[in-house]
Amino acid sequence: MSGKKKKTGVVIWLCLVILLLVAVVLTMPQQGEEESIKEVMRDAVLHENDKIDLFGIALVNPAVVSGFVVTGVLLLAAALLRIFAIPRFQYVAGKLQLALEQAVGLFRSLAESNSPHRNKFLGAYIFGAGVYIFVGTVFELFGLQATTVNGASIALPAPLSDINAAVSLGCLSYLVILSGGIAQNKIRGVGSTLKEFSLPISMSFRLFGALLSGLLVTELVYYYVTLSFVLPVVVAVLFTLLHALIQTYVLTMLTALFYGEVAHPHAKKEKKAKKAKKVLAGQKL
């Protein structure tokens, strides 16, 4: 019986493949593509032809609208959790409470392991940045539509697929690292932070390049692969989820690591403290 079931399954899959091929042949356009692949890739990066009118104020990239939507959703979710969920937390955690505690504990342990001295603000920041990166990356899977000034309908991309958003987040992370150095070591902390002058550039372009690569691969699949019924969906979901997890971990880890380095007490201070202890011990003797 099992052999017959396997043969039946193979026959069904072959029939589905044949049906897909027939559908592709019947729906294949007779004329060439309206846009060349060069134009498609340029529009995906620069958004020259798909600007969106932002309440009549200015023409912006679609990623700007995505950024406002993601920020609004996160702020609304945070307010609802604080008002309705957190006051009802109990000693025996429920599913929602357990999920929130696990997420907060993950970023808190990341901050404490990399910066033992000043980690409360660091934990809060990398939690916020990590949630924004993850939710903002997964956001493009929902395929929310917007209308451009040309009347075309496009799906809103991930906010960080815009170079401006990636640079802003990278520079913000660098300023957080700088604040840790100033709080702990004053002017010396500024000097140790400024030594890593390429850090905001590397963090920004790493984040932007990783997220943009998934978008470009998906565009290539849509453009060249005729079997666009299944394959683009699989590629988009895999690339989006992988980038959401990897880039969240990479940026939060780098921020916590460099923050811990510049927020570590200076070696001269430790030596002075040891000398003071020796002097006091000698006086007692």
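This is a predicted model: local features need pLDDT of at least 70, side-chain atom pairs count only at pLDDT 80 or more; totals for chains, interfaces and linings use all residues.
Residues are numbered from 1 along each chain as its sequence is written, and side-chain values use heavy atoms, with hydrogens and water left out. Local features need pLDDT of at least 70 and side-chain atom pairs count only at pLDDT 80 or more, whereas totals for chains, interfaces and linings use all residues.

The chain contains nine helices and four strands, taken as DSSP runs numbered from the N terminus (helices, H or I, at least four residues; strands, E, at least two). Along the sequence these elements follow the order α-α-β-β-α-α-α-β-β-α-α-α-α. Of the 285 residues in the chain, 33% are buried; here buried denotes under 20% relative accessible area, exposed over 50%, and partly exposed the range in between (1.4 Å probe, protein chains only). The accessible surface of the chain amounts to about 18,300 Å², with 69% belonging to carbon and sulfur atoms; areas were computed by the Shrake-Rupley method with a 1.4 Å probe, and for residues only the protein chains shown count as cover. Among contacts (heavy atoms within 4.5 Å) between residues at least 6 apart in sequence, 69% join residues at least 24 apart.

A nonpolar core is defined as a set of buried Ala, Val, Leu, Ile, Met, Phe, Trp, Tyr and Cys residues joined through side-chain atoms within 4.5 Å. The largest such core comprises 24 residues, of which Ile126, Leu169, Leu207 and Leu251 touch the most other members. Two or more residues each are given to this core by helix 4 (95-114), helix 5 (120-138), helix 6 (163-194), helix 7 (199-224) and helix 8, and helix 8 supplies the largest share, six residues. A second, separate core has nine residues, including Val60, Val65, Ala146 and Ile154. Beyond four places in sequence, Leu169 touches Tyr125, Ile133, Leu160, Leu207 and Leu251.

Thr255 is located in helix 8 (residues 231-262) and is buried, its relative accessible area being 0%. A polar atom of the Thr255 side chain lies 2.8 Å from the backbone oxygen of Leu251. With neighbours within four places in sequence left aside, Thr255 is in contact with Leu122, Tyr125, Ile126, Ser173, Ile177 and Met203. Leu122, in helix 5, is likewise buried, with a relative accessible area of 0%. Outside four places in sequence, Leu122 touches Ala111, Ser115, Thr255, Ala256 and Tyr259. The C-alpha atoms of Leu122 and Val176 are separated by 7.8 Å, although these residues are 54 apart along the chain.

Asn119 occupies the loop between helix 4 and helix 5 and is classed as buried because its relative accessible area is 17%. Apart from neighbours within four places in sequence, Asn119 is in contact with Ala111 and Glu112.

Ala155 belongs to strand 4 (residues 153-155) and is partly exposed, with a relative accessible area of 43%. Excluding neighbours within four places, Ala155 is in contact with Gly143, Leu144 and Gln145. A C-alpha separation of 9.8 Å is found between Ala155 and Ser66, 89 residues apart along the chain.

On the surface, Leu76, Leu80, Ile83 and Phe84 form a nonpolar patch with about 420 Å² of accessible area together. Phe84 lies in helix 3 (residues 62-85). Patches consist of residues with over 30% relative accessible area and no salt bridge, like charges being joined within 9 Å and nonpolar side chains (Val, Leu, Ile, Met, Phe, Trp, Tyr) within 5 Å; a salt bridge is a side-chain nitrogen of Lys or Arg within 4 Å of a carboxyl oxygen of Asp or Glu.

Technical notes
A polar contact is a pair of N or O atoms within 3.5 Å; within protein, one must be able to donate a hydrogen and the other to accept it, and residues adjacent in sequence count only if both atoms are side-chain atoms.
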